[in-house]
Amino acid sequence: MSSSTSSSEAIGEAVAAPARATRIALVLLVVLCGVEAFARLELVRMSKEFEQFRSYPRLAAELAHRSGLRIALVGASIVHEDIDTGLLTDRLRAATRVPAHAESFSADHSFVNTWYFMLNHDFWQPGNRVDLVVIPFVGPSLYDHNEMEIGRLARFFTTVSDWPEVLRTDLDTTAERADFLLSNFWVSWAARDRMQELTFTRLLPNYKAFAREQQNLLFAQVFTKRAHRARSLVALERLLRTAHEHATRLCFVVFPTQRADWNGQPYAEARRVIEATGTDYVDLRDGGDVDTSMFADLVHMNVDGRAIYTRLLADALTPVLGPGPSEAGAAFAAGGAGE
């Protein structure tokens, strides 16, 4: 009797196990579908950054169709933190006697790889030509092998036609390539960092300030580790070559920070590559001590610093907006530039 009962119980457990696993799988599937639906329907709308990225194609087209000087500011967070576009255009208008228009296209914690695809996505399109693209930068932004935010690159700045180039040139590891491909199909995966940030911001009022400070410290550590090593500029060379092919005029601008090592960095290799193509290069670091009262953190300026350096930028761009750059870019487009 007990043997028969044991056998029945064993059979029952064997039958129940797959059913239990199926129920668990279904619950997980429902949860994942719910998270994905939230990411697609709500998160993009709730995230100011995502809404900002979605507006870039429209803003680029509107800028390109304005009359007068059309200037696009493309880069990382210093684009919107350190530059007042209204003040910039007013000062340029006064200096050149020509109507001026400027628009910011920024992605926090981004580097030259991302800027290339932003330009490709928003400006290297028929009818979207502007008079000048200004690329402000600090730290290691122009060098290869910086840590990119792969999810937003996949969702906002690339299309299927860009996949071969991204996988071949911009992503170094199998894990990064898998992340990129997953992000193209799975929004919640691509937006996982933003979902975490949204959660922590709701729970911890000072989370954004903390996260930015941590980001600045990480940024500085990475740059310090690579300061004495040979650094490649493949992505920068690609951006310069493609800009020349599209007749896009560029101006790279070095901004000061509170990092003494960044302010003293000569960027000799990058500058040589940039100027070899006839592209303009402006350094707003005067070599003196930085007035720390102008900064909100290690990298970004406060309102006072923003006004001061916007005026300095306008004054530096006024001669740049004169005659076009030299024809040295033709040689670069034909053969490329190296270190």
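At what angle do helix α2 and helix α5 pack, and how far apart are their axes? I would like to start there, but a word on the model comes before the answer. What we are looking at is a predicted model, in which local features need pLDDT of at least 70 and side-chain atom pairs count only at pLDDT 80 or more, while totals for chains, interfaces and linings use all residues. Residues are numbered from 1 along each chain as its sequence is written, and side-chain values use heavy atoms, with hydrogens and water left out.

Now to the answer: helix α2, residues 48–64, and helix α5, residues 112–122, pack at an angle of about 60 degrees, and their axes are 9 Å apart. The axes here are lines fitted to C-alpha atoms, for helices over the stretch in contact, and the angles run from 0 to 180 degrees between N-to-C directions. The two helices, α2 and α5, are therefore oblique to each other, given that angles under 35 degrees count as roughly parallel, over 145 as roughly antiparallel, 65 to 115 as roughly perpendicular and the rest as oblique. The crossing of α2 and α5 is right-handed, a term used when the near helix is turned clockwise from the far one by less than a right angle, with anticlockwise giving left-handed. As for the residues involved, Y56, P57 and A60 of α2 meet M118, H121 and D122 of α5, where contact means heavy atoms within 4.5 Å.

Let me step back to the whole chain for a moment. The chain has 16 helices and 5 strands, taken as DSSP runs numbered from the N terminus (helices H or I with at least four residues, strands E with at least two). Of its 339 residues, 45% count as buried, which is to say under 20% relative accessible area, with exposed meaning over 50% and partly exposed lying in between (1.4 Å probe, protein chains only). Among contacts between residues at least 6 apart in sequence, 81% join residues at least 24 apart.

On the α2 side E49, F50, F53, R54 and Y56 take part, and they meet R152, F156 and F157 in α6.

Helix α8 itself, residues 174–185, has 12 residues and reaches 17 Å from its first C-alpha to its last, close to the 16 Å expected at 1.5 Å a residue, the expected span being 1.5 Å times one less than the number of residues. Buried in α8 are D179, F180, S183 and N184. Seen down the axis of α8, these buried residues fall within an arc of 135 degrees, so they line one face of the helix, the arc being that of the directions from the helix axis to the C-beta atoms. The face of α8 turned away from that buried side carries T174, A175 and F185, which are exposed.

A further helix, α15, residues 303–320, has 18 residues and spans 26 Å from first to last C-alpha, close to the 26 Å expected at 1.5 Å a residue. Its buried residues are G305, Y309, T310, L313, A314, A316, L317 and V320, and these pack against α4 (85–96), β3 (132–137), β4 (250–254) and β5 (280–283).

I will finish with some loop residues. Most residues other than glycine have a negative phi. H145, in the loop between β3 and α6, has a positive phi of about 70 degrees although it is not a glycine, and H145 is partly exposed, with a relative accessible area of 47%. A247, in the loop between α12 (234–245) and β4, has a positive phi of about 55 degrees, and A247 is likewise not a glycine; its relative accessible area is 38%, which makes A247 partly exposed.
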